[in-house]
Amino acid sequence: MFEIENAKERVILVGISTAEDADVEQSLDELEELAGTAGAVCVGRVIQKREQMHPGTYVGTGKLAEIKDLLWELEATGIICDDELSPAQIGNLKDELDTKIMDRTLLILDIFAARASTSEGKIQVELAQLKYRQSRLTGYGTSLSRLGGGIGTRGPGEKKLEMDRRLIKSRIARLNRELKEVKSHREVAREQRRRDMLPVIAIVGYTNAGKSTLLNRLTGAEALAEDKLFATLDPTTRGYRMESGQQVLFTDTVGFIRKLPHHLIDAFRSTLEEAKYADMILHVVDVVSPQMDEQMHIVYETLQNLGVQDKPVITAFNKRDQLTKPVIVRDFRADKTVYISALTGEGLDDLEAQIEELLREQKAAIEHIFSYRDAAKIQLIRKYGELLSEEYLEEGISVKAYVPIQLYEKILAGS
């Protein structure tokens with residue numbers, strides 16, 4: 001029996017450098033990783049220095065001719081531009097090059113479509129894809145009616161591509177209603193957590209920094225963890241009992257990336273807002289990445305766009321097991337920093353101690369003698385707070401502890 005393997009798409013990466021210090025090479029390196037994740041192989045790259053991208057064809061006429069020659073020489077099946085293209089640019093490039101035209105946004109949407117597994121994730125991806133394609137029907141022109149596979153065809157499917165604007169608008173409205181219902185369920189879950197007084201720690205970071213590996217190591221969540229961009233898409237929340245007995249919830253969020261499409265930020269806002277409603281941010285950083293500083297900046301920039309501010313932050317510099325020599329790195333925007341390896345477990349004791357310390361700062365200290373008839377209150381402290389010591393005396397139970405502020409008055413009432 002013969003096995004037929006689908007031929008990988010061979011693509012050329014195209015980028016624009018608009019300033020002397022533009023990191024277009026690093027951006028194309030990341031674009032190549034994205035293309036590999038989507039199942040394509042990069043056979044070449046073209047960079048043009050311009051004050052701004054060409055409004056009609058993204059690159060100038062000279063580079064267009066160069067790309068056309070490269071397509072033939074390298075037997076490439078398409079190009080991927082490092083920025084989001086307008087409908088006019090897509091149409092003009094298609095006419096000039098007669099090949100498959102993709103941009104960074106389409107590529108990321110395609111990966112998200114392949115990664116989404118929950119109903120919420122699928123709704124969000126389809127919504128983002130339809131919004132992207134709605135404004136580009138004229139740009140794709142007759143190519144929308146052609147059948148084919150490869151990058152950009154996953155998700156809603158060919159049927160959706162052939163819809164006219166009215167049908168797409170109707171579908172978007174329906175998906176928005178479904179997403180609103182999902183959001184209301186998520187808000188109910190958040191409210192339940194608040195009533196249970198369980199601290200929520202949102203794990204954020206650049207894609208492939210090791211967030212899912214860390215969640216798995218801490219909680220045994222068994223979330224998918226691969227050395228790929230956007231290996232996991234759907235958020236995972238798991239409980240964890242600290243050394244002190246304090247119960248907390250860790251929530252893994254979707255990884256951030258440079259030039260994250262605004263369609264995705266809008267569609268995934270309810271998921272990304274897990275960080276907004278968390279009690280603490282655990283920022284996971286890939287300490288061996290050459291672009292570490294820029295990746296940290298992008299994470300903070302995305303959090304700011306989501307309105308995530310004034311939250312205590314612990315930055316965990318991950319993958320310390322891969323360091324070949326000692327390095328000194330800092331995050332001046334974090335309250336605490338720690339070196340860890342989510343893979344081997346190194347430094348996780350230090351991380352837990354840092355979490356305990358920050359959680360303690362959000363609690364009220366109690367040093368009190370409870371009568372024996374109020375012994376049930378000590379169980380409340382054990383469940384929701386941190387019991388430092390208890391001593392049984394003749395006049396009652398002497399307790400030193402930290403408790404949530406909203407529980408402070410209830411525990412001391414009548415004592």
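In what sense do strand β3 and β4 pair, and over how many bridges? Before I answer, please keep in mind that what we are looking at is a predicted model. Strand β3, which covers residues 78-81, pairs with β4 in the parallel sense, and the pairing runs over four bridges. Within it, Cys 81 stands opposite Asp 103 of β4.

Let me now turn to the sheet around this pair. It is an open sheet of four strands with parallel pairing, and the order, read across, is β2-β1-β3-β4. At the edges we find β2, residues 40-49, and β4, residues 100-103, each of which pairs on one side only. From one strand to the next, the twist averages 25°. Helix α1, made of residues 24-38, packs on this sheet and touches β1, β2 and β3, with its direction at about 155° to that of β2.

Finally, a word about backbone angles. Most residues other than glycine have a negative phi. Met 197, which follows α8, has a positive phi near 55°. Glu 75, in the loop between α2 and β3, is not a glycine either, yet its phi is positive at about 55°. With a relative accessibility of 59%, Glu 75 lies over the 50% cut-off and therefore counts as exposed. Asn 208, in the loop between β5 and α9, has a positive phi of about 70°.

Conventions:
Residues are numbered from 1 along each chain as its sequence is written. This is a predicted model: local features need pLDDT of at least 70, side-chain atom pairs count only at pLDDT 80 or more; totals for chains, interfaces and linings use all residues. Side-chain values use heavy atoms; hydrogens and water are left out. Two strands pair if DSSP finds at least two bridges between them. Helices (H or I, at least four residues) and strands (E, at least two) are DSSP runs, numbered from the N terminus. Axes are lines fitted to C-alpha atoms, for helices over the stretch in contact, and angles run from 0 to 180 degrees between N-to-C directions. Contact means heavy atoms within 4.5 Å. Buried means under 20% relative accessible area, exposed over 50%, partly exposed in between (1.4 Å probe, protein chains only).
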